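Trainee: Could you walk me through this one, step by step?
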Amino acid sequence: MPPRYDLHCHSTHSDGLLSPAAVVVRAAARGVTVLALTDHDEVSGVDEARAAALDARITLVAGAELSVSWEGHTVHVVGLGIDPSCPALSAGLAAIRAGRTLRARRIADALAEAGIGGAYEGAHRFATSERLISRTHFARFLVAAGHAGDVKSVFNRFLVRGKPGYAAHVWAALGDAIGWIRDAGGQAVLAHPGRYKVGGSGMRRLLAEFRDAGGDAVEVLSPSHTPSDVAEFARYARAFGLLASVGSDYHGPGESWMDLGGMPELPPGVPPVWQHW
Ligand code: AMP
Ligand code: MN
Ligand code: MN
Ligand code: MN
């Protein structure tokens, strides 16, 4: 059996619904043989995932998904094969998480202005880690409070630019995030590029800057991508000399477009991020 890679998913250490061990067990049951746990701005779930992977006889790749601001857009960079104890990476992630806490206050204030009170405490009731608060936790609060039917539909009506509960935020700089990942011995992957509304010339600028700052790969296969996005980002990967990655971006039962290991094969002709593993 060839290896089956899933290099992007979340646990309760960020905004996923399953513990790191439960993510690993589910991935193994679904045929994944190489799994990266990539919690948002956090590596605290890696030890538990690694122990579970040993039991499940699959390979665990230590990862994280870093929140970055680039030309006013939020961009995500996945680090793969990182040393979770790297001081530069730990400090960078702690700074991003501190920014999340400040943003959460502003999100709650914006929701209060729209007539929805108690959101700061409400979101924290849905947070599964004391260390990290995300819009997903606000979304779960808004669903529970009856403002939307499910987490996905929250993001059509709240928490995004132009809607109640939006708070602009400046995340880490692209070069800093890539630098921390490289300091930690990892590879940097531009996550779900098909989501970024930057236009063709913006995407070429982003990919060039990403590569020149030491970025290694782009996610070609992501549930955020249409079939034409997959073809387009495979072409971009070749054109910019970047490797290709694959990730389900799984968050948990009922909150994900794609289950663990649910991705098709990479299109031919793009070297995978794991080519030298
Ligand atoms: P944050 O990093 O705190 O801004 O939260 C972003 C998270 O919200 C993403 O990682 C997703 O888990 C979730 N999210 C964002 N947009 C959507 C959407 N349209 N549908 C479902 N979840 C979303
Ligand atoms: Mn998420
Ligand atoms: Mn992301
Ligand atoms: Mn993700």
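Here we talk through a metal site and a ligand site.

Mentor: Quick ground rules: this is a predicted model, where local features need pLDDT of at least 70, side-chain atom pairs count only at pLDDT 80 or more, and totals for chains, interfaces and linings use all residues. Residues are numbered from 1 along each chain as its sequence is written, chains are lettered from A and ligands numbered from 1 in the order in which they are written, and side-chain values use heavy atoms, with hydrogens and water left out.

Trainee: Which residues are the protein donors of the manganese ion (ligand 3)?

Mentor: Donors are N, O and S atoms within 2.8 Å of the metal (3.2 Å for Na, K and Ca); water is not among the atoms, so sites may look incomplete. Here the protein donors lie 2.1 to 2.2 Å from the ion. They are Glu65 (OE), His76 (ND1) and His192 (NE2).

Trainee: What spacing do those donors follow along the chain?

Mentor: Read it as a pattern along the chain, starting with E and ending with H. The spacing is E-x10-H-x115-H.

Trainee: Is Glu65 buried or exposed?

Mentor: Buried means under 20% relative accessible area, exposed over 50%, partly exposed in between (1.4 Å probe, protein chains only). Glu65 has 0%, and His76, with 14%, is buried too. So the word for Glu65 is buried.

Trainee: How far is an oxygen atom of ligand 1 from an N or O atom in the side chain of Arg100?

Mentor: For comparison, a polar side-chain atom of His40 lies 2.9 Å from an oxygen atom of ligand 1. With Thr136, the value is 3.3 Å. For Arg100 it's 2.8 Å.

Note on methods: Polar contact = N/O pair within 3.5 Å; in protein donor to acceptor, adjacent residues only side chain to side chain.
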